[in-house]
Amino acid sequence: MALEKKKVGILAECVCDLPKSTLRSRGIDILYFLVETESGVFTDTDEITAENVISHMEKGGRTKSAPPPPEIYKKAFEKSLKRHDEVILVAISSHISHSCENAEKAIKLMGDDGKRVHIFDSEHLSTGLGFLVLRAAELAAQGCDSAKILSELEAMKPRVSTTFIAKNADYLYRNGLVSAFVKSVCSILSIHPVLTMKNGDIRPKTVILGSYENACRTYIKKELKGKKNIDSRQAFVTHVGCSVKMLRIIKSETKKYCGFNELTVTDASATISSNCGPDTFGILFVRTD
């Protein structure tokens, strides 16, 4: 006897920075971005890691990342539709990636089957995107239809807090996220930039002076202290090669200001890491309103 199809399948991209084990346990299929170096093109996470990318760039190498081409999205959609009635791709912000564009092209190649595929522009990245992926999977597991899931995600999207602090502005400048002037000032004055996702774009939020360890403590305090509208059920600490000592400090400082029921540490993907550089990290959570 054939197994009954699940109603809605959820697809995510590796730039959601969620552990594979988490995605697998929630029944979430994953698509991998591509990272190009002088040595070739590699599949993010599977063939190249954040550590590989940082090491390559520290030696003067260059990297370029991109979402999968439309053909790969098409295959992923078709594969999921064999097991589900409909599919939702929870995608990285369309303001900073061609992911949604490539996925839409894939849908146009699918004929009538394309009508069963839905693209949700998260307007986030990293585990900010991850929160929306997990919520979509939760709703799908409850038997919600695609319209209900998409509506819930749209309402949740503005409540997700995606911010991060970078040790310096060098990598941000290389990838066009800050100007040469900002990079120069940050370098001369030992300024550490804090960036945020706002309306789908990465924007400067503030800058913090002093040693990086103290700046990290200040960043966490500013993000969490006295905030009454934080959903304390879960937060992510997502980082690029932070030391064990630094992660211990980050977790300790985070718990000082907000007792999250679950505080999950995740590694940033190669794609995310190449844009912000080593020792970057963020405290990502959801607001209650």
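Predicted model: local features only at pLDDT ≥ 70, side-chain atom pairs only at ≥ 80, totals over all residues.
Visitor: What makes β1 and β6 a pair?
Guide: Two strands pair if there are at least two bridges between them. Six bridges join β1 (residues 6-13) to β6 (residues 84-91). So β1 and β6 count as a pair. The two run parallel. One of the residues involved is Val 8, whose bridge partner in β6 is Glu 86.

Visitor: What is the strand order of the open sheet?
Guide: The order is β2-β1-β6-β7, with parallel pairing.

Visitor: Why are β2 (29-31) and β7 (117-121) said to stand at the edges?
Guide: Each has a single partner strand, so one side of each is left without a neighbour in the sheet. From one strand to the next, the twist averages 25°.

Visitor: How do you know that helix α3 packs on the sheet?
Guide: Contact means heavy atoms within 4.5 Å. Helix α3 (residues 70-81) touches β1, β2, β6 and β7. The direction of α3 makes about 140° with that of β6. Helix α5 (residues 126-141) packs on the sheet too, touching β1, β6 and β7. The direction of α5 makes about 170° with that of β1.

Visitor: Why does Ile 96 count as a lining residue of the largest pocket?
Guide: A lining residue has an atom within 4 Å of a pocket point. Ile 96 is among the 31 residues that line the largest pocket, so Ile 96 has such an atom. The volume is about 550 Å³.

Visitor: Which element gives the most to the lining of the largest pocket?
Guide: α11, with five residues. By class, the lining has 15 nonpolar, 15 polar and one charged residues.

Definitions and conventions: Residues numbered from 1 in each chain as written. Heavy atoms only, no water. 1 Å grid on protein atoms, 1.4 Å probe; cavity = no way out; pocket = protein on both sides within 12 Å on 5 of 7 lines; lining within 4 Å. Points joined across faces, edges and corners; volume = space filled by probe spheres on them. Helix = DSSP H or I, 4+ residues; strand = E, 2+ residues; numbered from the N terminus. Nonpolar A, V, L, I, M, F, W, Y, C, P; charged D, E, K, R; others polar. Axes fitted to C-alpha atoms, helices over the stretch in contact; angles between N-to-C directions.
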